[in-house]
Amino acid sequence: MKQPATTTTTTQDLPAVPPRRGRKKRPPLVKENIVGPANMQVLQEHLGRLRAAHEHHNRLLHLDNLFVALLYAFYNPTCRSLRTLEGLGKVCQDELGLDRLCRSTTSDALAAFDPNLLLPIIVDLRRRLPALDRADGDLGQIARQLIAADGSYFNIYADVAWAIHLTRPNGKSAAQIRLNFQLDVRNWTPTALSVSGKAQGSETAAVAADLLGGVIYLVDRNFIDFDFFHAVLDQGSDFVVRCKNNMPNFRPTEDRPLTPRDLADGVVRDRIGVLPGRGAPDRLMRELTLCDPTTGKSIRVLTSLLDVPAYIIGVLYRHRWQIELFFRWLKVWGNFEHLISHSRNGLTIQFYVAVIGVLLMYLSTGHRVSKYAVSLLTFVAAGQATLEDILP
């Protein structure tokens, strides 16, 4: 019996499928292996907002692309220049959603985009932080937030007009900007920052512009400023500040007795009094003299906290060094000694991305940032490991 003939249909014989109309759906820019699955949703929610903020039909580089590029660069400390960012754009096109990341375009974008658009990400991430209080057990009786505030200088291109200009010992001109920073010392998370040049005034004025209410500020002797004291007290906060040997003047009205614990912790003297002079706060203050156990030298501390045990004031002041450690970490291990932008906008964006990177590390690992975490995250950024690989 003759078999019926079979026919073979090739793809060339099929009718062409018309292309789908509408804008092509963009894939997620940030990969889970960088920030972890738990943090993917919060970032993706904000990326759409960043894209819409500076949307234009002629624009190829948007704020969401730039943010993701800087975030990837933060997790790879060798990528800290416009040239290395351009190289990043060539090897991470899918992650960045770009075909190219030109140096000139990146420089223009850093100057043009509004850094304040990144603040909602910082607020959102900080709200998600778990209770990771690993501070000194003596601070358990201090229920308020402890904020260390200070400024640190970063080198920038010498031809930046708005920067702070100086002449180095070798006779060459240089320029710097100041990062005004506030850090929660219990968990090492940033709470506020701003960038200052030659026209922005002192550190005290810069920090006073971003004060929080109901906290305790731990500051060094460059914050001896009556206007700053007033600003802190007006916010309903308190301060612990190291004083110089001869300022501010202090007029004691009462000498408080020291407990055995105070003496064991190096408290030499505890006095209540007032600050004489024009512009001084019109309220009682407290002066303590502490003995530095490493050098044997006396440290004079002024505080508005009247009802806290004397030895706790010493513990509070020692925690001010957490911000110095953070600056060192940021410059040495975060590789932020040199910056990539000429504009205050661009520098603020770069620092905001660093804060977001720190908060994401904290949320993913459950530990404060360290040089070891940054070293391992370099492998994650390079695609050689996942976040789950390095967590143990």
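Which residues does F67 touch, not counting residues up to four places away in sequence? They are L43, L47, L50, L118, I121, V353 and I356, where contact means heavy atoms within 4.5 Å. The model is predicted, so local features need pLDDT of at least 70 and side-chain atom pairs count only at pLDDT 80 or more, while totals for chains, interfaces and linings use all residues. Residues are numbered from 1 along each chain as its sequence is written, and side-chain values use heavy atoms, with hydrogens and water left out.

F67 belongs to the largest nonpolar core, which has 86 residues. Such a core is a set of buried Ala, Val, Leu, Ile, Met, Phe, Trp, Tyr and Cys residues joined through side-chain atoms within 4.5 Å; buried means under 20% relative accessible area, with a 1.4 Å probe and protein chains only. The members that touch the most others are F67, L118, I177, F181, V240, L330 and F351. Helix 13 gives the most to this core, with 14 residues. Another core, of 22 residues, lies apart from it and includes V219, I224, F226 and L233.

F67 is also one of the buried residues of helix 3. Helices (H or I, at least four residues) and strands (E, at least two) are DSSP runs, numbered from the N terminus.

On a 1 Å grid over the protein atoms alone, a cavity is a set of points where a 1.4 Å probe fits but cannot get out, and a pocket is an open set with protein on both sides within 12 Å along at least five of seven lines; lining residues have an atom within 4 Å of a point. Grid points are joined across faces, edges and corners, and a volume is the space filled by probe spheres set on the points. The whole structure holds 4 cavities of 30 Å³ or more. The largest cavity contains about 90 Å³, and helix 3 (63–74) and helix 13 (344–365) each give two or more residues to its lining. L70, A73, F74 and V353 are among the lining residues.

The second largest pocket contains about 260 Å³. Helix 11 gives the most to its lining, with 3 residues. R242, D265, D292 and W321 are among the residues that line this pocket.

Note on methods: Buried < 20%, exposed > 50% of the residue type's maximum accessible area, 1.4 Å probe, protein only.
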